Amino acid sequence: MLIDVTLKITPKMATDAQGNEKKALVGHLGTHFDVMDKEFPLDYTRRRGICFDVSHIPADGEIDQEVVDLSLVKKEMFVCFYSGYMRKEGYGSRTYFTEHPQLSMDLIEQLLAKGVSMIGIDFAGVRRGKEHTPTDQKCAENGTFVIENMDHLEDLPKGTEFLIHTYPMNYEGMTGLPCRIVAEVQDAYL
């Protein structure tokens, strides 16, 4: 079964996002990854994925390694975090961009040490405010790309591997690339 985990953008959502986040233009609108002036390797388009349910963390809380089973995370995986924040807040508001959950720096360090290819979230950034861009850059420099504003993560199996396909736009010289992401899960997982 194929599950599209890409946020579908409407004209209203685009207008709202661009009014509340200066970077919500072509490269950073909707589901995108922060490439941070790196080249997206084509072998990253197909990865083993795993999704963790962190929806019990408060909207402005911090997700740390104690709430996920890092023993399930393997090198080159696409690791997703389902918080439910996008469903609660809705995409594009000022609150959406400024008061979302965030991953702890320790958890990010652990994921980088494990050599994951991508970190996917259903909110606006792995860190908030002034820590957002430097953390994305650190991840990219370690070969890990952050994919923001994913949708339908609640439909993915939790704590069980699946395949996930990521296809970014072929733009050059941008810090963000919109992408289409589709998970391939066995019907037995659902």
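Good morning. First, a caution: the model is predicted. Please keep that in mind throughout.

Let's start with the fold. The protein has five helices and 10 strands. How does its radius of gyration sit with a compact globule? For 190 residues, such a globule would have a value near 16 Å, and the protein has 15 Å, so the two agree. Along the principal axes, the C-alpha atoms fill a box of roughly 40 × 35 × 35 Å.

What about the inside? Buried residues make up 50% of the 190 residues.

How far apart are their mean positions?

Now to single residues. I'll begin with Arg127. Find it in the loop between strand S7, residues 118–121, and helix H5, residues 132–141. Is Arg127 buried or exposed? Its relative accessibility is 6%, under the 20% limit, so Arg127 counts as buried. What does its side chain reach? One partner is the side chain of Glu62, in a polar contact at 2.9 Å. Another is the backbone oxygen of Leu103, at 2.8 Å. Setting aside neighbours within four places in sequence, Arg127 is also in contact with several other residues, among them His100, Gln102, Ser104 and Met105. His132 and Thr135 are on that list too.

Next, Asn149. This residue is in the loop between S8 and S9. Asn149 has a relative accessibility of 1%, and therefore counts as buried. Which residues does Asn149 touch, if we skip those up to four places away in sequence? The list includes Leu7, Gly30, Thr31 and His32. It also includes Met86, Tyr91 and Tyr96. Further along the chain come Ile121, Phe123 and Ala124.

His152 is not a glycine, yet has a positive phi of about 60°. Most residues other than glycine have a negative phi. As for cover, His152 counts as partly exposed, because its relative accessibility is 27%.

Where else do we see a positive phi? Glu76 has one, of about 70°, and is not a glycine either. Look for Glu76 in the loop between strand S4, residues 62–63, and strand S5, residues 78–82. Glu76 is partly exposed, with a relative accessible area of 38%.

Last stop: Thr95. This one is in helix H3, residues 94–98. Thr95 is partly exposed, at 28% relative accessibility. Which residues is Thr95 in contact with, leaving aside neighbours within four places in sequence? They are Tyr85, Glu89 and His100. Now pick Val116, 21 residues from Thr95 along the chain. How far apart are the C-alpha atoms of Thr95 and Val116? They are separated by 29 Å.

To recap: Arg127 is buried, and so is Asn149. His152 is partly exposed, as are Glu76 and Thr95. Thank you.

Terms used. Residues numbered from 1 in each chain as written. Predicted model: local features only at pLDDT ≥ 70, side-chain atom pairs only at ≥ 80, totals over all residues. Heavy atoms only, no water. Helix = DSSP H or I, 4+ residues; strand = E, 2+ residues; numbered from the N terminus. Rg over C-alpha atoms; globule rule 2.2 N^0.38 Å. Buried < 20%, exposed > 50% of the residue type's maximum accessible area, 1.4 Å probe, protein only. Polar contact = N/O pair within 3.5 Å; in protein donor to acceptor, adjacent residues only side chain to side chain. Contact = heavy atoms within 4.5 Å.
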